[in-house]
Amino acid sequence: MQRSELVDGQKPFAIILGCSDSRVPAEIVFDQSLGDLFVIRVAGNIVAPSQVGSIEFAADRFGTGLVVVLGHTMCGAVEATVEELERPSENRSPNLRLIVDRIRPAVQTLLETALKNDRERLIRQSVRANIRASVDHLRHGSQILEQLIQGNKLLVVGAEYSLETGVVDFFEGIPEPGDRQPIAASEWST
Ligand SMILES: [Zn+2]
């Protein structure tokens, strides 16, 4: 799509809630162009009110029918949360703490299992648990989104981008071609 064709409006086919990590820009990961994706990026792909509001806006205004929570392996925000839980620090910035607090519940449960002795697996599972938590929050934390989901107009799924392989794994719900919105399978195969 050309810039000049989009001056009068946009019709993004997916909303991406991704991490701010410089290695995971949604448009490049999915090989998409101007006007294709409505992207919200925040450290740890957390869901706070402004993220929910942004998604409500896009779903309502543009009729976008797919939301992808895009986390990634070795996420620094998740690692920082694990560190915080292991060694609570008094001096952390209150703003950063707000992010850690959103990730904390997903990690805390895993820290109470044998995973606490296996750092690599703990981080891996924590990343996925955090993606699931964000998906769950979006599915149930907004009346507007919940109504769209119930009316079969919105699908919220979770995916993990592997920094190691470049592959995106849709492990939490799979967007099907032709389902609700025109999503060609080829658009997701890059
Ligand atoms: Zn990250």
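Predicted model: local features only at pLDDT ≥ 70, side-chain atom pairs only at ≥ 80, totals over all residues.

Colleague: How should I read the two faces of a strand?

Modeller: The general idea is that side chains in a regular strand alternate between the two faces of the sheet. Strand E4 (residues 155-161) is the case to examine here. Leu-155, Val-157, Ala-159 and Tyr-161 point one way, while Val-156, Gly-158 and Glu-160 point the other way.

Colleague: Are the residues of E4 buried or exposed?

Modeller: Seven of the seven residues of E4 are buried. That includes the residues pointing either way from the strand.

Colleague: How does E4 pair with E3, and how with E5?

Modeller: With E3, the sense is parallel, over seven bridges. In that pairing His-72 stands opposite Tyr-161 in E4. With E5, E4 runs antiparallel, and three bridges join the two. Gly-158 there stands opposite Glu-172 in E5. E4 and E5 form a hairpin with six residues between them, and Gly-166 in the turn has a positive phi of about 80°.

Colleague: Which residues coordinate the zinc ion?

Modeller: The zinc ion is coordinated by Cys-19 through SG, His-72 through NE2 and Cys-75 through SG, at 2.0 to 2.3 Å. The spacing of these donor residues in sequence is C-x52-H-x2-C. Distant parts of the chain are linked in this way: Cys-19 is in the loop between strand E1 (14-18) and helix H1 (26-29), and Cys-75, 56 residues apart from it, is in the loop between E3 and H3. Both Cys-19 and Cys-75 are buried.

Colleague: What does the model show for Thr-73 and Met-74, in the loop between E3 and H3?

Modeller: Thr-73 is found in that loop, between strand E3 (66-72) and helix H3 (76-86). Thr-73 has a relative accessible area of 3% and is therefore buried. Beyond its neighbours within four places in sequence, Thr-73 is in contact with Arg-124, Val-127, Glu-160, Tyr-161, Ser-162, Leu-163 and Glu-164. The side chain of Thr-73 also reaches the backbone nitrogen of Leu-163 at 3.0 Å. Met-74 is partly exposed, at 40% relative accessibility. Its phi is near 55°, a positive value in a residue other than glycine.

Colleague: Where else is there a positive phi in a residue that is not a glycine?

Modeller: Asp-31 has a positive phi of about 55°. Asp-31 is in the loop between H1 and E2, and at 55% relative accessibility it counts as exposed.

Colleague: How many aromatic pairs does the structure hold, and why is the pair of Phe-38 and Phe-57 called tilted?

Modeller: There are four aromatic pairs. For Phe-38 and Phe-57, the ring centres are 6.4 Å apart and the planes are at 40°, so the pair is tilted. The angle falls between the cut-offs, because planes under 30 degrees apart count as stacked and those over 60 as edge-to-face. Phe-38 lies in strand E2 and Phe-57 in helix H2, 19 residues apart. Phe-38 is buried at 17% relative accessibility, whereas Phe-57 is partly exposed at 36%. Ring pairs join Phe-38, Phe-57 and Phe-62 into a cluster.

Colleague: Which residues does Ser-126 contact, beyond its neighbours within four places in sequence?

Modeller: Ser-126 is in contact with Val-78, Val-82, Val-107 and Leu-110. Its place is in helix H5 (residues 119-140), and at 0% relative accessibility Ser-126 counts as buried.

Conventions
Residues numbered from 1 in each chain as written. Heavy atoms only, no water. Helix = DSSP H or I, 4+ residues; strand = E, 2+ residues; numbered from the N terminus. Buried < 20%, exposed > 50% of the residue type's maximum accessible area, 1.4 Å probe, protein only. Contact = heavy atoms within 4.5 Å. Polar contact = N/O pair within 3.5 Å; in protein donor to acceptor, adjacent residues only side chain to side chain. Donors = N, O, S within 2.8 Å, 3.2 Å for Na, K, Ca; no water. Pairing = 2+ DSSP bridges. Phe/Tyr/Trp six-rings, centres within 6.5 Å; stacked < 30°, edge-to-face > 60°.
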